Amino acid sequence: MLRFSIEQVVWQEVPGEVSLAYTITGCTLGCKGCHSTETWDASQGTLLTDDYFEQRLNQYRGLISCVLFLGGEWHSTELERKLKLARRHGLRTCLYTGLDDIEPKLKAELTYLKTGRWLPERGGLDSLTTNQRLVDLRTGQSLNHRFIR
């Protein structure tokens, strides 16, 4: 079951997009220095049903351009369904994962993909030494440069 701990509209996580973002619970990576350790418990959070998700997409119609999932690849069938629903609403889609790659069926439903485990010594997308990468899957272009100040 796909559960979320946080639902918010964000501007910085996907450059050039206004995203409805869901932080999904149940992450098993356990990255040292994780800023979201409360999301590790899969039993926490609110169930993200298709009906609720579609209601939120309708509520934000014309206000958002993208749907972002922070995690959730461990529920690939449910996540794939949500991504398809977002795309039917004309929205771009993004997944932030700590993995180096994801299943092709999920990737096929994404516009953007951020990969790479959080390594405190390497930093995040705003670091020149990061191991993480945000890619526009339409072009294959890395968007990391958009985070460097």
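## Leu48 and its contacts

L48 touches L2, R3, F4, Y22, F53, F69 and K82, where touching, or contact, means heavy atoms within 4.5 Å, and residues up to four places away in sequence are not counted. L48 lies in the loop between β3 and α1, and with a relative accessible area of 2% L48 is buried; buried means under 20% relative accessible area, exposed means over 50%, and partly exposed is in between, as found with a 1.4 Å probe on protein chains only. Although L48 and R3 are 45 residues apart along the chain, their C-alpha atoms are separated by 5.4 Å.

## The model and its numbering

This is a predicted model, in which local features need pLDDT of at least 70 and side-chain atom pairs count only at pLDDT 80 or more, while totals for chains, interfaces and linings use all residues. Residues are numbered from 1 along each chain as its sequence is written, and side-chain values use heavy atoms, with hydrogens and water left out.

Helices (H or I, at least four residues) and strands (E, at least two) are DSSP runs, and they are numbered from the N terminus.

## Two helices side by side

Helix α1 covers residues 50-59 and helix α2 covers residues 76-88, and their axes come within 11 Å and cross at roughly 30 degrees. Therefore α1 is roughly parallel to α2, since angles under 35 degrees count as roughly parallel, over 145 as roughly antiparallel, 65 to 115 as roughly perpendicular and the rest as oblique. The axes are lines fitted to C-alpha atoms, for helices over the stretch in contact, and the angles run from 0 to 180 degrees between N-to-C directions.

Where the two helices meet, D50, F53, E54 and L57 belong to α1, and R81, K82, L85 and A86 belong to α2. By class, this contact has four nonpolar, no polar and four charged residues; Ala, Val, Leu, Ile, Met, Phe, Trp, Tyr, Cys and Pro count as nonpolar, Asp, Glu, Lys and Arg as charged, and the others, Gly among them, as polar.

H75 lies in the loop between β4 (66-70) and α2, and with a relative accessible area of 18% H75 is buried. Leaving aside residues up to four places away in sequence, H75 touches M1 and L2. The backbone oxygen of M1 lies 3.2 Å from a polar atom of the side chain of H75.

## Partly exposed residues

Q8 has its place in strand β1 (residues 3-10), and at 37% relative accessibility Q8 counts as partly exposed. When residues up to four places away in sequence are not counted, Q8 touches S19, L20 and A21, and the C-alpha atoms of Q8 and T23, which are 15 residues apart along the chain, are separated by 8.8 Å.

D41 is found in the loop between β2 (19-24) and β3 (46-47), and its relative accessibility of 36% makes D41 partly exposed. D41 and C27 are 14 residues apart along the chain, and their C-alpha atoms are separated by 7.4 Å.

## Ile148 after β8

I148 lies in the segment after β8 (141-142), and I148 is partly exposed, with a relative accessible area of 32%. Residues up to four places away in sequence being excluded, I148 touches L125, D126, S127 and L128. The C-alpha atoms of I148 and G124, 24 residues apart along the chain, are separated by 10 Å.

Conventions: Polar contact = N/O pair within 3.5 Å; in protein donor to acceptor, adjacent residues only side chain to side chain.
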